[in-house]
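Q: I have a structure open here and want to go through it piece by piece. Can we start with the charged residues?

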Amino acid sequence: MAFGSGFKVTKNHKVGWLDTKGKEILPVKYDEIYDFSDGDEFQNLYKVKIDTLYGVVDNLGKTIVPARFEHLFVRGKLFMTIQNSKWGVYTKEGVKLYEPFMDYISQSNTEGSYLLFLHSAKRGGIIDEKGNKLFDNNLIRIDYLLNEDGLYNPITNNGIYCLLLENDKGKAGIFDEQKKQLIIPFEYDGIEQKFEKNNRTYLLARKGKKYGIITDQNKIVIPFEYDAISFDKLQNNSEEASAAIEVAAKKLGKWGVINFSGKVLIPFEYTSIRKVSEYNLYKVKKGNTYCLMNGSNKVLNPGPFDD
């Protein structure tokens with residue numbers, strides 16, 4: 001059988017490999033040989049099967065990955081190995097990065113990113129396409145942030161590829177996949193949502209039980225003194241200044257509305273407040289009834305409504 005790099009030959013139920021000139025590359029001793037079809041990255045490397053197990057050898061017959069794995073395949077630019085349902089990792093040079101102990105390994109969904117996410121029952125990690133260990137089995141969460149519309153969107157308008165991480169001490173930070181840098185340190189108890197405005201990314205974060213808002217440069221915009229803050233219905237395509245952005249917030253058990261300058265627009269005296277329009281209209285509950293208000297604390301329709 002002919003492949004791009006040569007011919008697979010069979011004798012006495014064993015398989016070998018010849019180059020295009022008929023020279024023996026691999027002796028006829030394997031149960032199966034596969035030519036990698038992943039371009040130049042894996043040139044002169046071959047996946048081999050001995051009995052029921054798989055490994056990798058080069059064109060000189062040198063063992064790159066020992067043939068002791070139930071499954072072996074390429075993810076990114078690395079070899080994934082599976083044994084007893086656990087995953088391990090080898091480089092194409094034959095460096096063993098991880099013995100099979102992980103539950104699975106996934107590749108980033110972010111366009112242009114080749115990061116691999118390592119998942120186990122308790123902890124995980126991140127390695128890049130060359131096998132560099134960016135986080136070595138010290139993460140308990142690897143995730144993407146929700147935007148103001150409640151959608152996962154890792155790439156921001158100002159070119160930050162936001163990845164939400166939580167370390168084994170329970171602290172959250174933000175990692176930029178493109179730059180491979182931690183841009184928000186592990187100092188928050190939660191980072192829950194993002195919002196973009198005027199080429200700046202704002203993050204809804206939590207310290208202890210209190211919420212605040214920070215920028216992508218870890219600058220505090222709204223101090224951590226609120227029981228809750230909502231990014232729902234924020235408008236990122238308007239021309240208003242960032243300081244004028246309005247959010248519903250909860251403080252001392254009551255809801256109100258503040259802007260990014262910290263000014264109270266609707267006092268904290270309501271049972272609940274929910275923004276229902278990008279144009280700063282609010283569904284406001286006091287007691288058991290609702291009314292409609294704007295961000296200037298003006299009642300547009302007093303109702304009262306049941307909902």
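Q: Is Arg-206 buried, or partly exposed?
A: This is a predicted model, so every value here is computed from it. In it, Arg-206 counts as partly exposed, at 22% relative accessibility. The cut-off for buried is under 20%.

Q: Which residue does Arg-206 form a salt bridge with?
A: Glu-192, with the closest N and O atoms 3.9 Å apart. Glu-192 sits in strand β20 (residues 190-197) and Arg-206 in strand β21, so the numbering puts them 14 residues apart. Glu-192 is partly exposed too, with a relative accessible area of 36%.

Q: How many salt bridges are there in the whole structure?
A: A search of the whole structure finds 18.

Q: What does Lys-92 pair with?
A: Lys-92 forms a salt bridge with Glu-41, and their closest N and O atoms are 2.6 Å apart. The two come from distant parts of the chain, 51 residues apart: Lys-92 is in the loop between β11 and β12, and Glu-41 is in the loop between β5 (32-35) and β6 (45-50). Lys-92 has a relative accessible area of 26%, which makes it partly exposed. Glu-41 is partly exposed as well, at 30%.

Q: What does Thr-91 touch?
A: Leaving out residues up to four places away in sequence, Thr-91 touches Ile-64, Leu-78, Phe-79, Leu-97 and Lys-130.

Q: Are Cys-162 and Cys-291 buried or exposed?
A: Cys-162 counts as buried, at 2% relative accessibility. Cys-291 is buried too, with a relative accessible area of 16%.

Q: Now the hydrophobic part. How many residues are in the largest nonpolar core?
A: The largest nonpolar core has 15 residues, and those with the most contacts inside it are Ile-213, Ile-229, Phe-231 and Val-247. The elements giving two or more residues to this core are β21 (200-207), β22 (210-215), β23 (220-226) and β25 (246-251).

Q: What does Ile-229 touch?
A: Not counting residues up to four places away in sequence, the contacts of Ile-229 include Leu-204, Tyr-211, Ile-213, Ile-222 and Val-247. There is also a second, separate core of 13 residues, which includes Ile-160, Ile-184, Leu-203 and Ile-214.

Q: Last one, the sheet with β24 in it. What order do the strands run in?
A: Four strands form an open sheet in the order β24-β25-β26-β27, with antiparallel pairing. The edge strands, β24 (228-230) and β27 (264-270), each pair on one side only. Neighbouring strands of this sheet are turned by 20 degrees against each other on average, direction ignored.

Q: How many bridges join β26 to β27?
A: Three bridges join strand β26 (residues 254-259) to β27, and the two run antiparallel. Trp-255 has Tyr-270 as its bridge partner in β27.

Terms used
Residues are numbered from 1 along each chain as its sequence is written. This is a predicted model: local features need pLDDT of at least 70, side-chain atom pairs count only at pLDDT 80 or more; totals for chains, interfaces and linings use all residues. Side-chain values use heavy atoms; hydrogens and water are left out. Buried means under 20% relative accessible area, exposed over 50%, partly exposed in between (1.4 Å probe, protein chains only). Contact means heavy atoms within 4.5 Å. Two strands pair if DSSP finds at least two bridges between them. Axes are lines fitted to C-alpha atoms, for helices over the stretch in contact, and angles run from 0 to 180 degrees between N-to-C directions. A nonpolar core is a set of buried Ala, Val, Leu, Ile, Met, Phe, Trp, Tyr and Cys residues joined through side-chain atoms within 4.5 Å. A salt bridge is a side-chain nitrogen of Lys or Arg within 4 Å of a carboxyl oxygen of Asp or Glu.
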